[in-house]
Amino acid sequence: MRSSLRGAGAAAAATALVLVVAGSWFGYQQLAGPSCSGKIQLTLAAAPEIAPAIKGAADQWVADGAAVGGTCIAVNVTGSESVDVAAAVASKHGATLAGVGQASGTAVTPDIWVPDSSSWLLRLKSGGATAFAPANGASVARSPVVIAVPEPVATRFGWPNKKLSWTDLLKQVTSDRGLHAGIVEPTQDAAGLSGLLSLTTAASSTGNSGSPDAQEAMIGALRALATNRSSLRQDLLARFPRSKDPTAIANGLGAAALSEEDVIAYNSTEPPIPLAALYLEPSPMPLDYPFAVLPGIEPAKASAAKVLFEVLTTPGFKNRLAAQSLRAPDGNWGQGFKAPQGAPSPANGGTAVPPTGQGGAADLDPIQIQKATSTWAVATQSGRMLSVIDVSGSMKSPVATANGASREQVTVAAASQGLSLFDDSWSIGLWTFSTNLQGSQDYREIVPIKPLSSNRRALQQGLASVTPSRGNTGLYDTLLAAYKEVQQDWEPGKVNSVVLFTDGENDDDNGISQKKLIEQLKKLRDPEQPVQVIIIGIGKDVSKAELDPITEVTGGRTFVTIDPTKIGEIFLQAIALRPPAPR
(Lines give C-alpha, C1' and ligand atoms only; values in the text may rest on other atoms or scores of the structure.)
Protein backbone atom coordinates (compact mmCIF):
# COMPACT_ATOMS: atom_id res chain seq x y z
CA MET A 1 0.00 0.00 0.00
CA ARG A 2 1.63 3.24 -1.09
CA SER A 3 0.77 6.84 -0.33
CA SER A 4 0.33 9.43 -3.07
CA LEU A 5 2.74 12.30 -3.79
CA ARG A 6 2.15 15.52 -1.95
CA GLY A 7 3.23 19.12 -2.49
CA ALA A 8 6.42 20.89 -1.48
CA GLY A 9 5.18 21.88 1.98
CA ALA A 10 6.03 24.80 4.28
CA ALA A 11 7.29 28.21 3.26
CA ALA A 12 10.95 29.18 3.15
CA ALA A 13 10.87 31.16 6.39
CA ALA A 14 9.36 28.24 8.30
CA THR A 15 11.98 25.90 6.87
CA ALA A 16 14.79 28.23 7.95
CA LEU A 17 13.35 28.39 11.47
CA VAL A 18 13.18 24.60 11.62
CA LEU A 19 16.81 24.37 10.58
CA VAL A 20 17.87 26.78 13.33
CA VAL A 21 15.98 24.71 15.90
CA ALA A 22 17.62 21.53 14.61
CA GLY A 23 21.11 22.96 14.86
CA SER A 24 21.69 22.53 11.13
CA TRP A 25 21.68 26.19 10.10
CA PHE A 26 25.43 26.50 9.54
CA GLY A 27 25.64 23.64 7.06
CA TYR A 28 22.47 24.74 5.36
CA GLN A 29 23.72 28.33 5.04
CA GLN A 30 26.88 27.16 3.29
CA LEU A 31 24.87 25.64 0.47
CA ALA A 32 21.90 28.02 0.28
CA GLY A 33 22.34 31.47 -1.14
CA PRO A 34 20.32 34.24 -2.77
CA SER A 35 21.72 33.44 -6.20
CA CYS A 36 23.66 30.69 -7.96
CA SER A 37 24.51 29.52 -11.44
CA GLY A 38 24.86 26.17 -13.22
CA LYS A 39 23.39 23.04 -11.77
CA ILE A 40 24.53 19.92 -9.92
CA GLN A 41 21.98 17.15 -10.32
CA LEU A 42 21.62 15.02 -7.20
CA THR A 43 19.65 11.80 -7.78
CA LEU A 44 17.91 10.06 -4.90
CA ALA A 45 15.93 6.83 -5.03
CA ALA A 46 13.66 6.19 -2.05
CA ALA A 47 11.16 3.54 -1.04
CA PRO A 48 7.79 4.62 -2.50
CA GLU A 49 6.13 5.29 0.86
CA ILE A 50 8.80 7.75 2.04
CA ALA A 51 9.55 9.33 -1.35
CA PRO A 52 6.79 12.00 -1.10
CA ALA A 53 8.13 13.23 2.26
CA ILE A 54 11.70 13.41 0.95
CA LYS A 55 10.60 15.07 -2.27
CA GLY A 56 8.65 17.71 -0.37
CA ALA A 57 11.62 18.52 1.88
CA ALA A 58 14.09 18.50 -1.04
CA ASP A 59 11.86 20.71 -3.19
CA GLN A 60 11.59 23.22 -0.37
CA TRP A 61 15.36 23.18 0.13
CA VAL A 62 15.96 23.78 -3.57
CA ALA A 63 13.34 26.54 -3.64
CA ASP A 64 15.22 28.24 -0.81
CA GLY A 65 18.33 28.41 -3.00
CA ALA A 66 20.36 25.27 -2.34
CA ALA A 67 23.85 25.70 -3.80
CA VAL A 68 27.44 24.60 -3.35
CA GLY A 69 30.37 26.79 -4.33
CA GLY A 70 28.02 29.11 -6.19
CA THR A 71 26.54 26.22 -8.22
CA CYS A 72 22.83 25.47 -7.89
CA ILE A 73 21.66 22.09 -6.58
CA ALA A 74 18.78 20.19 -8.12
CA VAL A 75 17.45 17.07 -6.42
CA ASN A 76 15.63 14.45 -8.44
CA VAL A 77 13.69 12.18 -6.07
CA THR A 78 12.11 9.01 -7.43
CA GLY A 79 10.04 6.39 -5.66
CA SER A 80 11.72 3.02 -6.32
CA GLU A 81 11.03 -0.37 -4.80
CA SER A 82 13.99 -1.31 -2.63
CA VAL A 83 14.40 -4.72 -4.26
CA ASP A 84 14.78 -3.10 -7.71
CA VAL A 85 17.53 -0.73 -6.58
CA ALA A 86 19.20 -3.55 -4.64
CA ALA A 87 19.32 -5.64 -7.84
CA ALA A 88 20.96 -2.76 -9.73
CA VAL A 89 23.50 -2.13 -6.97
CA ALA A 90 24.24 -5.87 -6.70
CA SER A 91 24.86 -6.04 -10.44
CA LYS A 92 27.21 -3.06 -10.32
CA HIS A 93 29.22 -4.38 -7.37
CA GLY A 94 29.24 -8.09 -8.19
CA ALA A 95 27.01 -9.22 -5.34
CA THR A 96 24.51 -12.09 -5.38
CA LEU A 97 21.30 -11.76 -3.39
CA ALA A 98 19.18 -14.85 -2.77
CA GLY A 99 15.79 -14.54 -4.45
CA VAL A 100 16.35 -11.07 -5.90
CA GLY A 101 17.12 -11.95 -9.52
CA GLN A 102 18.70 -9.81 -12.20
CA ALA A 103 18.47 -6.03 -12.44
CA SER A 104 16.43 -4.42 -15.18
CA GLY A 105 18.49 -3.49 -18.22
CA THR A 106 17.46 0.15 -17.73
CA ALA A 107 18.21 0.27 -14.00
CA VAL A 108 20.59 3.07 -12.94
CA THR A 109 22.05 3.38 -9.44
CA PRO A 110 21.37 6.77 -7.79
CA ASP A 111 23.69 9.07 -5.85
CA ILE A 112 21.67 8.53 -2.68
CA TRP A 113 19.50 5.56 -1.79
CA VAL A 114 16.89 5.46 0.96
CA PRO A 115 15.65 1.85 1.01
CA ASP A 116 13.04 0.76 3.51
CA SER A 117 15.55 -1.20 5.59
CA SER A 118 19.24 -1.37 6.46
CA SER A 119 18.98 -5.10 5.84
CA TRP A 120 19.41 -4.35 2.11
CA LEU A 121 22.79 -2.70 2.76
CA LEU A 122 23.86 -5.61 4.93
CA ARG A 123 22.75 -8.23 2.41
CA LEU A 124 24.69 -6.51 -0.37
CA LYS A 125 27.84 -6.50 1.73
CA SER A 126 27.53 -10.14 2.81
CA GLY A 127 26.43 -11.14 -0.69
CA GLY A 128 29.83 -10.40 -2.19
CA ALA A 129 29.90 -6.62 -2.65
CA THR A 130 33.06 -6.31 -0.57
CA ALA A 131 33.85 -2.85 -1.95
CA PHE A 132 30.31 -1.60 -1.28
CA ALA A 133 30.71 0.97 1.50
CA PRO A 134 27.96 3.62 1.40
CA ALA A 135 28.45 6.73 3.49
CA ASN A 136 26.17 7.80 6.34
CA GLY A 137 23.55 5.03 6.59
CA ALA A 138 21.70 6.74 9.46
CA SER A 139 17.97 6.28 9.76
CA VAL A 140 15.62 9.08 8.61
CA ALA A 141 12.31 7.36 9.42
CA ARG A 142 10.83 4.26 10.99
CA SER A 143 7.88 1.93 10.66
CA PRO A 144 7.48 -1.01 13.04
CA VAL A 145 6.82 -4.41 11.51
CA VAL A 146 3.49 -5.77 12.73
CA ILE A 147 1.28 -8.77 12.11
CA ALA A 148 -1.73 -7.54 10.17
CA VAL A 149 -4.86 -9.50 11.08
CA PRO A 150 -8.51 -8.87 10.13
CA GLU A 151 -10.14 -7.27 13.18
CA PRO A 152 -12.74 -10.06 13.76
CA VAL A 153 -9.89 -12.60 13.84
CA ALA A 154 -7.73 -10.40 16.05
CA THR A 155 -10.60 -10.05 18.52
CA ARG A 156 -10.64 -13.82 18.97
CA PHE A 157 -6.97 -13.59 20.04
CA GLY A 158 -7.85 -11.06 22.76
CA TRP A 159 -6.85 -7.97 20.78
CA PRO A 160 -6.45 -5.14 21.72
CA ASN A 161 -6.08 -6.00 25.41
CA LYS A 162 -3.91 -9.13 25.21
CA LYS A 163 -0.24 -9.08 24.26
CA LEU A 164 0.80 -11.88 21.92
CA SER A 165 4.22 -13.40 21.30
CA TRP A 166 5.79 -14.91 18.19
CA THR A 167 5.48 -18.31 19.84
CA ASP A 168 1.72 -17.74 20.10
CA LEU A 169 1.59 -16.88 16.39
CA LEU A 170 3.71 -19.91 15.49
CA LYS A 171 1.19 -22.20 17.18
CA GLN A 172 -1.67 -20.58 15.28
CA VAL A 173 0.11 -20.78 11.92
CA THR A 174 1.19 -24.42 12.19
CA SER A 175 -1.89 -25.96 13.87
CA ASP A 176 -4.21 -28.18 11.84
CA ARG A 177 -6.93 -25.53 11.75
CA GLY A 178 -4.60 -22.60 11.99
CA LEU A 179 -4.57 -19.18 10.41
CA HIS A 180 -4.21 -18.75 6.68
CA ALA A 181 -0.92 -16.89 7.08
CA GLY A 182 0.85 -15.22 4.18
CA ILE A 183 4.00 -13.29 3.45
CA VAL A 184 5.54 -11.11 0.79
CA GLU A 185 8.61 -12.97 -0.51
CA PRO A 186 11.12 -12.32 2.32
CA THR A 187 14.04 -12.36 -0.10
CA GLN A 188 12.42 -9.39 -1.86
CA ASP A 189 10.63 -7.55 0.95
CA ALA A 190 12.14 -6.20 4.16
CA ALA A 191 8.95 -6.48 6.23
CA GLY A 192 8.53 -10.06 5.08
CA LEU A 193 12.15 -10.77 6.02
CA SER A 194 11.62 -9.24 9.46
CA GLY A 195 8.58 -11.42 10.08
CA LEU A 196 10.43 -14.49 8.83
CA LEU A 197 13.37 -13.83 11.17
CA SER A 198 11.09 -13.51 14.19
CA LEU A 199 9.01 -16.57 13.32
CA THR A 200 12.04 -18.80 12.66
CA THR A 201 13.60 -17.62 15.93
CA ALA A 202 10.42 -18.67 17.72
CA ALA A 203 10.52 -22.02 15.91
CA SER A 204 14.17 -22.62 16.82
CA SER A 205 13.27 -22.20 20.50
CA THR A 206 11.04 -25.30 20.24
CA GLY A 207 13.14 -27.80 22.16
CA ASN A 208 16.90 -27.39 21.68
CA SER A 209 18.15 -25.31 18.77
CA GLY A 210 18.94 -27.64 15.89
CA SER A 211 16.91 -30.49 17.39
CA PRO A 212 14.47 -32.47 15.23
CA ASP A 213 11.54 -30.75 16.95
CA ALA A 214 12.97 -27.30 16.24
CA GLN A 215 13.74 -28.24 12.65
CA GLU A 216 10.24 -29.62 12.15
CA ALA A 217 8.64 -26.51 13.67
CA MET A 218 10.70 -24.23 11.44
CA ILE A 219 9.93 -26.16 8.26
CA GLY A 220 6.25 -26.28 9.17
CA ALA A 221 6.19 -22.51 9.66
CA LEU A 222 7.99 -21.82 6.39
CA ARG A 223 5.69 -24.02 4.35
CA ALA A 224 2.59 -22.61 6.03
CA LEU A 225 3.70 -19.11 5.05
CA ALA A 226 4.70 -20.21 1.57
CA THR A 227 1.15 -21.38 0.84
CA ASN A 228 0.02 -17.75 0.63
CA ARG A 229 3.23 -16.03 -0.38
CA SER A 230 3.27 -13.28 -2.96
CA SER A 231 5.95 -11.38 -4.85
CA LEU A 232 3.94 -8.16 -4.60
CA ARG A 233 2.62 -6.51 -1.46
CA GLN A 234 -0.55 -5.36 -3.23
CA ASP A 235 -1.36 -8.92 -4.24
CA LEU A 236 -1.01 -10.10 -0.65
CA LEU A 237 -3.21 -7.30 0.66
CA ALA A 238 -5.89 -8.23 -1.86
CA ARG A 239 -6.19 -11.64 -0.17
CA PHE A 240 -7.54 -10.24 3.08
CA PRO A 241 -11.32 -10.75 3.41
CA ARG A 242 -13.40 -8.13 1.61
CA SER A 243 -16.73 -9.19 3.10
CA LYS A 244 -18.14 -9.49 6.62
CA ASP A 245 -19.52 -12.91 5.73
CA PRO A 246 -18.04 -15.44 8.24
CA THR A 247 -17.12 -17.82 5.42
CA ALA A 248 -15.20 -15.08 3.61
CA ILE A 249 -13.35 -14.23 6.81
CA ALA A 250 -12.54 -17.88 7.49
CA ASN A 251 -11.25 -18.47 3.95
CA GLY A 252 -9.43 -15.17 3.51
CA LEU A 253 -5.90 -14.30 4.52
CA GLY A 254 -5.70 -14.30 8.30
CA ALA A 255 -2.26 -12.89 9.10
CA ALA A 256 0.75 -11.36 7.38
CA ALA A 257 3.90 -9.53 8.40
CA LEU A 258 3.57 -5.97 7.09
CA SER A 259 4.75 -2.53 8.13
CA GLU A 260 2.68 -0.29 10.34
CA GLU A 261 2.47 2.10 7.38
CA ASP A 262 0.95 -0.67 5.24
CA VAL A 263 -1.82 -1.24 7.78
CA ILE A 264 -2.60 2.47 8.17
CA ALA A 265 -2.70 2.98 4.41
CA TYR A 266 -4.90 -0.11 3.92
CA ASN A 267 -7.39 1.00 6.57
CA SER A 268 -7.49 4.52 5.11
CA THR A 269 -9.33 3.05 2.11
CA GLU A 270 -12.16 2.07 4.52
CA PRO A 271 -12.29 -1.63 3.62
CA PRO A 272 -15.26 -3.73 4.80
CA ILE A 273 -12.95 -5.56 7.23
CA PRO A 274 -10.24 -3.27 8.72
CA LEU A 275 -6.90 -4.74 9.75
CA ALA A 276 -5.63 -4.81 13.30
CA ALA A 277 -1.92 -4.23 13.80
CA LEU A 278 -0.52 -6.71 16.33
CA TYR A 279 2.74 -5.59 17.91
CA LEU A 280 4.19 -8.96 18.85
CA GLU A 281 6.95 -9.50 21.38
CA PRO A 282 9.87 -9.65 21.13
CA SER A 283 9.80 -6.73 18.72
CA PRO A 284 10.82 -7.64 15.17
CA MET A 285 13.36 -5.73 13.12
CA PRO A 286 11.61 -2.48 12.06
CA LEU A 287 11.86 -0.69 8.73
CA ASP A 288 14.44 2.02 9.42
CA TYR A 289 14.95 3.86 6.07
CA PRO A 290 18.74 4.47 6.04
CA PHE A 291 20.16 7.48 4.17
CA ALA A 292 22.88 5.77 2.13
CA VAL A 293 25.24 7.86 -0.02
CA LEU A 294 26.45 5.35 -2.58
CA PRO A 295 30.15 4.88 -3.42
CA GLY A 296 31.70 6.92 -6.24
CA ILE A 297 29.71 10.10 -5.69
CA GLU A 298 31.46 13.37 -6.69
CA PRO A 299 32.78 15.57 -3.83
CA ALA A 300 30.36 18.40 -4.64
CA LYS A 301 27.43 15.99 -4.59
CA ALA A 302 28.71 14.47 -1.35
CA SER A 303 28.69 17.92 0.26
CA ALA A 304 25.14 18.52 -0.92
CA ALA A 305 24.09 15.10 0.34
CA LYS A 306 25.36 15.91 3.84
CA VAL A 307 23.15 18.97 4.08
CA LEU A 308 20.18 17.23 2.52
CA PHE A 309 20.48 14.67 5.31
CA GLU A 310 20.35 17.54 7.84
CA VAL A 311 17.14 18.74 6.20
CA LEU A 312 15.67 15.27 6.72
CA THR A 313 16.40 15.30 10.46
CA THR A 314 14.43 18.44 11.35
CA PRO A 315 11.14 18.54 13.33
CA GLY A 316 9.42 19.74 10.18
CA PHE A 317 10.41 16.56 8.36
CA LYS A 318 8.86 14.51 11.16
CA ASN A 319 5.52 16.08 10.28
CA ARG A 320 6.06 15.27 6.60
CA LEU A 321 6.68 11.65 7.65
CA ALA A 322 3.48 11.63 9.70
CA ALA A 323 1.53 12.60 6.58
CA GLN A 324 2.90 9.41 4.99
CA SER A 325 2.02 7.28 8.08
CA LEU A 326 5.70 6.99 9.05
CA ARG A 327 7.45 7.68 12.34
CA ALA A 328 10.63 9.58 13.09
CA PRO A 329 13.78 7.46 13.65
CA ASP A 330 13.27 7.45 17.45
CA GLY A 331 9.83 5.89 17.07
CA ASN A 332 7.87 9.05 17.89
CA TRP A 333 5.51 10.57 15.38
CA GLY A 334 4.68 14.02 14.09
CA GLN A 335 1.44 15.95 13.79
CA GLY A 336 -1.40 14.19 12.02
CA PHE A 337 -0.10 10.65 12.49
CA LYS A 338 -3.03 8.24 12.83
CA ALA A 339 -1.66 5.47 15.01
CA PRO A 340 -3.33 2.06 14.90
CA GLN A 341 -5.10 0.91 18.04
CA GLY A 342 -2.54 -0.41 20.51
CA ALA A 343 0.41 1.20 18.74
CA PRO A 344 3.36 1.73 21.12
CA SER A 345 5.14 5.07 21.32
CA PRO A 346 8.27 6.00 23.30
CA ALA A 347 6.43 9.19 24.23
CA ASN A 348 3.92 7.23 26.34
CA GLY A 349 6.24 4.52 27.61
CA GLY A 350 5.76 2.05 24.77
CA THR A 351 8.46 -0.58 24.52
CA ALA A 352 7.71 -2.26 21.20
CA VAL A 353 9.73 0.20 19.14
CA PRO A 354 13.45 -0.51 19.67
CA PRO A 355 15.77 2.50 19.82
CA THR A 356 17.64 3.56 16.73
CA GLY A 357 21.38 4.09 16.53
CA GLN A 358 23.16 6.13 13.90
CA GLY A 359 23.64 3.01 11.79
CA GLY A 360 20.47 0.97 11.39
CA ALA A 361 22.43 -2.13 10.36
CA ALA A 362 24.39 -2.15 13.63
CA ASP A 363 21.88 -4.40 15.39
CA LEU A 364 21.37 -6.78 12.47
CA ASP A 365 23.07 -10.17 12.25
CA PRO A 366 24.23 -10.85 8.68
CA ILE A 367 24.65 -14.56 9.38
CA GLN A 368 21.12 -14.84 10.74
CA ILE A 369 19.72 -12.97 7.74
CA GLN A 370 21.65 -15.08 5.25
CA LYS A 371 20.59 -18.30 6.96
CA ALA A 372 16.93 -17.24 7.05
CA THR A 373 16.79 -16.24 3.39
CA SER A 374 18.67 -19.36 2.31
CA THR A 375 16.48 -21.69 4.36
CA TRP A 376 13.36 -20.01 3.00
CA ALA A 377 14.53 -20.39 -0.60
CA VAL A 378 15.36 -24.08 -0.16
CA ALA A 379 12.20 -24.95 1.76
CA THR A 380 9.80 -23.17 -0.60
CA GLN A 381 11.19 -23.72 -4.09
CA SER A 382 11.24 -26.80 -6.29
CA GLY A 383 14.14 -28.31 -8.22
CA ARG A 384 15.83 -31.35 -9.71
CA MET A 385 19.26 -32.14 -8.32
CA LEU A 386 21.98 -34.79 -8.44
CA SER A 387 24.04 -34.74 -5.24
CA VAL A 388 27.58 -36.10 -5.76
CA ILE A 389 29.70 -36.82 -2.68
CA ASP A 390 33.48 -37.38 -2.58
CA VAL A 391 34.44 -40.70 -0.94
CA SER A 392 38.18 -40.54 -1.65
CA GLY A 393 40.56 -41.64 1.11
CA SER A 394 41.17 -38.10 2.36
CA MET A 395 37.52 -37.87 3.44
CA LYS A 396 38.49 -40.09 6.39
CA SER A 397 40.40 -37.18 7.94
CA PRO A 398 39.04 -36.15 11.35
CA VAL A 399 37.57 -32.68 11.84
CA ALA A 400 38.86 -30.98 14.97
CA THR A 401 35.81 -28.71 15.24
CA ALA A 402 33.40 -31.67 15.00
CA ASN A 403 34.55 -33.72 17.99
CA GLY A 404 36.71 -35.93 15.81
CA ALA A 405 34.04 -36.84 13.27
CA SER A 406 35.48 -37.42 9.80
CA ARG A 407 35.02 -35.10 6.83
CA GLU A 408 32.76 -37.77 5.32
CA GLN A 409 30.56 -37.93 8.40
CA VAL A 410 30.24 -34.16 8.58
CA THR A 411 29.38 -33.94 4.88
CA VAL A 412 26.77 -36.70 5.07
CA ALA A 413 25.22 -35.11 8.17
CA ALA A 414 24.89 -31.79 6.34
CA ALA A 415 23.32 -33.46 3.31
CA SER A 416 20.90 -35.40 5.52
CA GLN A 417 19.81 -32.27 7.36
CA GLY A 418 19.39 -30.42 4.08
CA LEU A 419 17.24 -33.25 2.73
CA SER A 420 14.61 -32.54 5.39
CA LEU A 421 14.12 -29.04 3.97
CA PHE A 422 13.16 -30.24 0.49
CA ASP A 423 9.48 -30.96 -0.07
CA ASP A 424 8.11 -33.80 -2.17
CA SER A 425 8.07 -31.69 -5.36
CA TRP A 426 11.86 -32.01 -5.55
CA SER A 427 13.58 -34.73 -7.56
CA ILE A 428 16.94 -35.77 -6.09
CA GLY A 429 19.53 -38.45 -6.81
CA LEU A 430 22.76 -39.48 -5.09
CA TRP A 431 26.17 -40.50 -6.46
CA THR A 432 29.53 -41.05 -4.78
CA PHE A 433 32.95 -40.72 -6.44
CA SER A 434 36.64 -41.45 -5.96
CA THR A 435 38.85 -43.31 -8.50
CA ASN A 436 38.15 -46.75 -9.90
CA LEU A 437 35.08 -46.93 -7.71
CA GLN A 438 33.23 -49.27 -10.03
CA GLY A 439 35.79 -51.01 -12.21
CA SER A 440 37.63 -48.22 -14.04
CA GLN A 441 34.70 -45.86 -13.45
CA ASP A 442 35.27 -43.14 -10.85
CA TYR A 443 31.64 -42.75 -9.76
CA ARG A 444 28.79 -44.93 -8.54
CA GLU A 445 25.04 -44.31 -8.58
CA ILE A 446 23.58 -44.87 -5.12
CA VAL A 447 20.05 -43.58 -5.78
CA PRO A 448 18.69 -42.47 -9.18
CA ILE A 449 17.09 -39.04 -9.63
CA LYS A 450 13.42 -39.44 -8.74
CA PRO A 451 10.73 -37.35 -6.97
CA LEU A 452 11.14 -37.25 -3.20
CA SER A 453 7.53 -38.37 -2.87
CA SER A 454 8.77 -41.88 -3.70
CA ASN A 455 12.53 -41.48 -3.18
CA ARG A 456 13.02 -39.94 0.26
CA ARG A 457 13.54 -43.13 2.24
CA ALA A 458 15.95 -44.51 -0.36
CA LEU A 459 18.00 -41.30 -0.17
CA GLN A 460 18.11 -41.42 3.62
CA GLN A 461 19.34 -45.00 3.48
CA GLY A 462 21.78 -44.16 0.68
CA LEU A 463 23.32 -41.31 2.66
CA ALA A 464 23.66 -43.56 5.70
CA SER A 465 25.63 -46.06 3.61
CA VAL A 466 28.23 -43.55 2.36
CA THR A 467 31.75 -44.41 3.58
CA PRO A 468 35.22 -43.35 2.34
CA SER A 469 37.21 -45.56 -0.04
CA ARG A 470 40.98 -45.86 -0.52
CA GLY A 471 40.97 -44.10 -3.86
CA ASN A 472 41.98 -40.67 -5.06
CA THR A 473 39.76 -37.86 -6.39
CA GLY A 474 38.39 -38.51 -9.88
CA LEU A 475 36.72 -35.13 -9.99
CA TYR A 476 36.66 -34.19 -13.69
CA ASP A 477 35.39 -37.48 -15.13
CA THR A 478 32.68 -37.60 -12.46
CA LEU A 479 31.58 -34.02 -13.03
CA LEU A 480 31.21 -34.56 -16.77
CA ALA A 481 29.19 -37.76 -16.27
CA ALA A 482 26.96 -36.09 -13.66
CA TYR A 483 26.29 -33.15 -15.99
CA LYS A 484 25.23 -35.52 -18.78
CA GLU A 485 23.01 -37.46 -16.37
CA VAL A 486 21.08 -34.37 -15.28
CA GLN A 487 20.88 -33.05 -18.82
CA GLN A 488 19.52 -36.34 -20.17
CA ASP A 489 16.11 -36.10 -18.46
CA TRP A 490 16.05 -32.34 -18.04
CA GLU A 491 12.80 -31.22 -16.41
CA PRO A 492 11.09 -27.93 -17.39
CA GLY A 493 9.86 -25.54 -14.71
CA LYS A 494 12.65 -26.50 -12.30
CA VAL A 495 16.28 -25.59 -11.80
CA ASN A 496 18.22 -28.68 -12.90
CA SER A 497 21.54 -28.88 -11.09
CA VAL A 498 24.58 -30.89 -10.01
CA VAL A 499 25.81 -30.25 -6.45
CA LEU A 500 29.22 -31.84 -5.86
CA PHE A 501 31.03 -32.06 -2.50
CA THR A 502 34.81 -32.59 -2.52
CA ASP A 503 37.83 -32.11 -0.26
CA GLY A 504 40.59 -32.10 -2.85
CA GLU A 505 41.88 -31.40 -6.32
CA ASN A 506 41.43 -33.74 -9.25
CA ASP A 507 44.19 -36.39 -9.04
CA ASP A 508 43.03 -39.03 -11.49
CA ASP A 509 46.00 -39.77 -13.76
CA ASN A 510 43.79 -41.59 -16.23
CA GLY A 511 41.04 -38.98 -16.41
CA ILE A 512 40.40 -35.95 -18.58
CA SER A 513 42.06 -32.60 -17.93
CA GLN A 514 40.40 -29.43 -16.72
CA LYS A 515 40.77 -27.96 -20.21
CA LYS A 516 39.02 -30.94 -21.81
CA LEU A 517 36.26 -30.84 -19.20
CA ILE A 518 35.53 -27.18 -19.88
CA GLU A 519 35.55 -27.80 -23.64
CA GLN A 520 33.07 -30.66 -23.21
CA LEU A 521 30.79 -28.61 -20.96
CA LYS A 522 30.74 -25.77 -23.49
CA LYS A 523 29.72 -28.19 -26.23
CA LEU A 524 27.02 -29.81 -24.09
CA ARG A 525 25.62 -26.56 -22.73
CA ASP A 526 22.12 -25.77 -23.99
CA PRO A 527 20.74 -22.30 -23.12
CA GLU A 528 17.22 -23.66 -23.54
CA GLN A 529 17.86 -26.47 -21.05
CA PRO A 530 20.51 -25.21 -18.62
CA VAL A 531 22.15 -27.42 -16.01
CA GLN A 532 23.83 -25.56 -13.18
CA VAL A 533 26.94 -26.97 -11.52
CA ILE A 534 27.65 -26.07 -7.90
CA ILE A 535 30.83 -27.29 -6.23
CA ILE A 536 31.25 -27.20 -2.45
CA GLY A 537 34.91 -27.52 -1.48
CA ILE A 538 35.88 -28.74 1.97
CA GLY A 539 39.27 -28.09 3.57
CA LYS A 540 42.54 -26.41 2.63
CA ASP A 541 43.39 -28.76 -0.25
CA VAL A 542 40.62 -27.44 -2.50
CA SER A 543 41.67 -24.96 -5.17
CA LYS A 544 38.91 -22.45 -5.85
CA ALA A 545 40.95 -21.06 -8.75
CA GLU A 546 40.87 -24.52 -10.32
CA LEU A 547 37.12 -24.99 -9.86
CA ASP A 548 35.76 -21.49 -10.67
CA PRO A 549 36.30 -21.78 -14.46
CA ILE A 550 34.29 -25.01 -14.44
CA THR A 551 31.26 -23.68 -12.58
CA GLU A 552 31.29 -20.41 -14.52
CA VAL A 553 30.68 -22.32 -17.77
CA THR A 554 27.38 -23.61 -16.38
CA GLY A 555 26.23 -20.45 -14.60
CA GLY A 556 27.02 -22.06 -11.27
CA ARG A 557 29.34 -21.19 -8.44
CA THR A 558 32.16 -22.63 -6.31
CA PHE A 559 32.02 -22.44 -2.51
CA VAL A 560 35.03 -23.33 -0.38
CA THR A 561 35.21 -23.62 3.41
CA ILE A 562 38.27 -24.52 5.46
CA ASP A 563 36.02 -25.61 8.33
CA PRO A 564 33.95 -28.66 7.27
CA THR A 565 31.37 -27.94 9.99
CA LYS A 566 30.23 -24.97 7.86
CA ILE A 567 29.11 -27.27 5.03
CA GLY A 568 25.47 -27.13 6.09
CA GLU A 569 25.34 -23.34 5.92
CA ILE A 570 27.15 -23.29 2.58
CA PHE A 571 24.86 -25.96 1.16
CA LEU A 572 21.85 -23.75 1.94
CA GLN A 573 23.54 -20.72 0.38
CA ALA A 574 24.42 -22.69 -2.73
CA ILE A 575 20.86 -23.86 -3.34
CA ALA A 576 19.33 -20.50 -2.46
CA LEU A 577 21.53 -18.56 -4.88
CA ARG A 578 20.39 -20.53 -7.90
CA PRO A 579 18.70 -18.57 -10.69
CA PRO A 580 14.91 -18.78 -11.13
CA ALA A 581 13.74 -21.85 -13.00
CA PRO A 582 13.21 -21.25 -16.72
CA ARG A 583 9.58 -21.09 -17.89
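Two strands are taken to pair if DSSP finds at least two bridges between them, and the strands themselves (E, at least two residues), like the helices (H or I, at least four), are DSSP runs numbered from the N terminus. With that in hand, select strand S5 (residues 135-139) together with strand S11, which run antiparallel and are joined by four bridges. Within this pair, Ala292 of S11 is the bridge partner of Asn136.

The model is a predicted one, in which local features need pLDDT of at least 70 and side-chain atom pairs count only at pLDDT 80 or more, while totals for chains, interfaces and linings use all residues. Residues are numbered from 1 along each chain as its sequence is written, and side-chain values use heavy atoms, with hydrogens and water left out.

**Staying at S11**

**The whole chain**

The chain exposes about 24,500 Å², of which carbon and sulfur atoms supply 50%, the areas coming from the Shrake-Rupley method with a 1.4 Å probe.

**The six-stranded sheet**

Next, select the open sheet whose six strands follow the order S14-S13-S12-S15-S16-S17 with mixed pairing. Strand S14 (441-451) and strand S17 (557-561) stand at the edges with a single partner strand each, so one side of each is left without a neighbour in the sheet. From one strand to the next the twist averages 15°. Inside the sheet, strand S12 (residues 383-390) and strand S13 (residues 427-438) pair in the parallel sense over seven bridges, and Ser387 stands opposite Leu430 in S13. Helix H17 (residues 452-464) packs on this sheet, where H17 touches S12, S13 and S14 and has a direction that makes about 145° with that of S14; contact here means heavy atoms within 4.5 Å.

**Helices H19 and H20**

Move to helix H19 (residues 514-524) and helix H20 (residues 544-553), whose axes come within 9 Å and cross at roughly 10°, the axes being lines fitted to C-alpha atoms, for helices over the stretch in contact, with angles from 0 to 180 degrees between N-to-C directions. The two helices, H19 and H20, are therefore roughly parallel to each other, a label for angles under 35 degrees. Gln514, Leu517, Ile518, Leu521 and Lys522 of H19 make the contact with Glu546, Pro549, Ile550 and Val553 of H20.

Which residues of H20 are buried? They are Glu546, Leu547, Asp548, Ile550, Thr551 and Val553, and the buried residues of H20 pack against helix H18 (475-488), H19, strand S16 (531-538) and S17. Just after H20, Gly555 takes a positive phi of about 75°.

**Last stop: Gln487**

Finally, select Gln487, which is found in helix H18 and counts as buried at 16% relative accessibility. Not counting residues up to four places away in sequence, Gln487 touches Leu524, Arg525, Asp526 and Val531.

How values were computed. Angles under 35 degrees count as roughly parallel, over 145 as roughly antiparallel, 65 to 115 as roughly perpendicular and the rest as oblique. Buried means under 20% relative accessible area, exposed over 50%, partly exposed in between (1.4 Å probe, protein chains only).
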